[in-house]
Amino acid sequence: MGLQRILMIIGLAAMAVVAGLWLQLRMSAPAVPPETNATLLRTARPVGDVRLQDTLGNELSLQQLKGRWSLVFFGFTHCPDVCPTTLAILSQVARRLENLPQAQQPQLVFITVDPERDVPEVMKGYVEHFDKNMIGLTGELSQVEALAAQLGVAFQKVPLDQGGYSMDHSAAIFMLNPGAELNAIISAPHSVEGIAGDYRKIVEFMAEQS
Amino acid sequence: MKRVLSIFLLVLVSAAGCAKSSQPPYAEDPWVREPPPGMSMLAGYMILHNPSSFELTLTGASSPDFAAVEFHNSVMEDGVSRMRQETSLVLGAGEALRFVPGGRHMMLIAPGRQFSEGDKVLIELSFSDGSELHITAPVRSGGGH
């Protein structure tokens with residue numbers, strides 16, 4: 001047996017050992033989900049498509065959110081406290097995440113639970129006030145209801161003493177992955193640090209998984 | 001006699017020390033969130049202090065710039081945000097009530113004009129003893145700070 005041949009066998013054996021160790025390492029260390037306040041769905045849940053309207057009145061299918069991570073909040077524009085507070089927080093979250101690669105930065109989505117009053121024109125002025133890139137969605141009540149039911153969003157009209165009405169609504173923020181599937185639920189109370197921190201961890205973790 | 005007088009003085013001094021304080025209430029850091037264009041409702045925030053040794057009841061509010069001012073509390077029940085009106089609020093002696101984003105707030109209804117950052121909103125608070133507190137709340141954008 002020539003020296004060359006012996007060296008080749010040793011080389012192959014070494015490669016096999018390294019490969020074996022690598023495999024073992026991967027299999028013995030299952031990925032641990034990050035510690036977050038958000039509820040992370042290990043397996044993202046697909047969301048059935050609904051057809052809504054953007055702030056220009058154009059039809060927008062939920063599938064059109066594909067390609068980027070989305071932070072989705074449900075509310076209504078006649079909401080003086082919780083909605084502006086949450087949207088101001090989301091706008092600051094987006095600014096704080098600007099140092100992520102473009103493809104990993106979130107798109108902000110505000111969906112009204114009061115499409116009766118929140119027509120596209122009203123939505124336009126409202127979302128642009130908080131963030132010029134925020135996507136505002138309204139549409140047929142049945143479509144909003146269909147989406148809300150899938151995500152577990154509750155909302156209800158409540159008459160006000162002075163006339164008109166308010167809306168009770170879920171205060172959670174939904175994190176959709178670039179496949180427009182539900183990947184995490186961020187419960188209130190919300191903070192800029194809390195959401196931005198959880199968002200980074202979840203995006204990083206899901207990237208490692210794929 | 002001298003002794004009696006000094007005891008009398010001592011009693012008088014200690015009585016003064018225990019005297020009930022009637023310092024008026026005051027608002028710390030009042031502000032109103034800059035509204036998106038065309039909004040019919042704005043929210044105002046502050047920390048309302050009652051430094052007196054008496055309980056105070058806040059019974060109402062008004063503003064020359066709004067049709068009505070009400071007190072509301074955003075409460076979270078099973079993850080659902082509900083807004084509930086509060087017609088009167090009790091401020092215990094030496095206590096403070098916090099009006100904060102996502103919680104208790106002044107709801108300013110139907111503005112007479114458009115407000116933007118830097119504008120001032122005048123708000124008058126009324127108490128059950130007939131007293132009033134006038135507040136000037138600056139309009140601020142975003143989180144308010």
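The side chain of A:Asp114 reaches that of A:Arg117 in a polar contact of 2.7 Å. Before going further, keep in mind that this is a predicted model. A:Asp114 sits in the loop that runs between strand S5 and helix H3 (120-130) of chain A. Is this residue buried or exposed, at 2% relative accessibility? It counts as buried, because the cut-off for that word is anything under 20%.

Looking beyond its close sequence neighbours (up to four places away), you'll find A:Asp114 touching A:Gly75, A:Phe76, A:Tyr165 and A:Met167.

## Salt bridges, inside a chain and across

Here's the general idea: side chains of opposite charge can pair when their charged atoms come close. Over all chains, the count comes to 12 salt bridges. One of them pairs A:Glu193 with A:Arg96, at 3.6 Å from N to O. This pair links distant parts of the chain, with A:Glu193 in helix H5 and A:Arg96 in helix H2 of chain A, 97 residues apart. A:Arg96 is partly exposed, with a relative accessible area of 40%.

Next up are A:Lys157 and A:Glu116, whose side chains meet in a salt bridge of 2.9 Å, N to O. A:Lys157 belongs to strand S7 (residues 155-159) of chain A, while A:Glu116 is in the loop between S5 and H3, so this pair ties together parts that are 41 residues apart in sequence. A:Lys157 is partly exposed at 44% relative accessibility, and A:Glu116 counts as exposed at 55%.

## Where the two chains pair up

Which residue of chain B meets the side chain of A:Asp168 in a salt bridge? The partner is B:Arg84, at 3.0 Å from N to O. A:Asp168 lies in strand S8 (residues 165-170) of chain A and B:Arg84 in strand S5 of chain B, so the bridge joins two chains. A:Asp168 is buried, with a relative accessible area of 2%, whereas B:Arg84 is partly exposed at 32%.

## Nonpolar cores and a surface patch

The largest nonpolar core has 61 residues, and those with the most contacts inside it are A:Leu71, A:Phe74, A:Leu147 and A:Met175. Take A:Leu147: setting aside residues up to four places away in sequence, it touches A:Val47, A:Val50, A:Leu52, A:Leu62, A:Phe74 and A:Ile111. A second, separate core has 25 residues, among them B:Met46, B:Leu91, B:Phe99 and B:Leu125.

Nonpolar side chains turn up on the surface too. A:Leu3, A:Ile6, A:Leu7 and A:Ile10 form a nonpolar patch there, with about 400 Å² of accessible area together. A:Ile6 is part of helix H1 (residues 3-28) of chain A, and it counts as partly exposed at 35% relative accessibility.

## A glutamine in a loop

A:Gln105 is in the loop between helix H2 (82-96) and strand S5 (107-112) of chain A. Its relative accessible area is 14%, so it counts as buried. What does its side chain have close at hand? A polar atom of that side chain lies 3.0 Å from the backbone oxygen of A:Glu98.

Leaving out neighbours within four places in sequence, the contacts of A:Gln105 are A:Arg68, A:Trp69, A:Leu97, A:Glu98, A:Leu100 and A:Tyr199. A:Trp69 is 36 residues away from A:Gln105 in sequence, yet their C-alpha atoms are 6.9 Å apart in space.

Now for some backbone details. The peptide bond from A:Ala188 to A:Pro189 is cis, with omega near 5°. A:Pro189 is found in the loop between strand S10 (182-186) and helix H5 (192-209) of chain A.

Two residues other than glycine have a positive phi: A:Ala180, near 60°, and B:Asp78, near 50°. A:Ala180 is in the loop between strand S9 (173-176) and S10 of chain A, and it is buried at 2% relative accessible area. B:Asp78 is in the loop between strand S4 (66-77) and strand S5 (80-86) of chain B, and it is exposed at 80%.

## Chain B as a whole

Of its 145 residues, 43% are buried. Among contacts between residues at least 6 apart in sequence, 68% join residues at least 24 apart. The accessible surface of chain B is about 7600 Å², and carbon and sulfur atoms account for 57% of that.

Notes
Residues are numbered from 1 along each chain as its sequence is written. Chains are lettered from A and ligands numbered from 1 in the order in which they are written. This is a predicted model: local features need pLDDT of at least 70, side-chain atom pairs count only at pLDDT 80 or more; totals for chains, interfaces and linings use all residues. Side-chain values use heavy atoms; hydrogens and water are left out. Helices (H or I, at least four residues) and strands (E, at least two) are DSSP runs, numbered from the N terminus. Buried means under 20% relative accessible area, exposed over 50%, partly exposed in between (1.4 Å probe, protein chains only). Contact means heavy atoms within 4.5 Å. A polar contact is a pair of N or O atoms within 3.5 Å; within protein, one must be able to donate a hydrogen and the other to accept it, and residues adjacent in sequence count only if both atoms are side-chain atoms. Patches are made of residues with over 30% relative accessible area and no salt bridge: like charges are joined within 9 Å, nonpolar side chains (Val, Leu, Ile, Met, Phe, Trp, Tyr) within 5 Å. Accessible areas come from the Shrake-Rupley method with a 1.4 Å probe; for residues, only the protein chains shown count as cover. A salt bridge is a side-chain nitrogen of Lys or Arg within 4 Å of a carboxyl oxygen of Asp or Glu. A nonpolar core is a set of buried Ala, Val, Leu, Ile, Met, Phe, Trp, Tyr and Cys residues joined through side-chain atoms within 4.5 Å.
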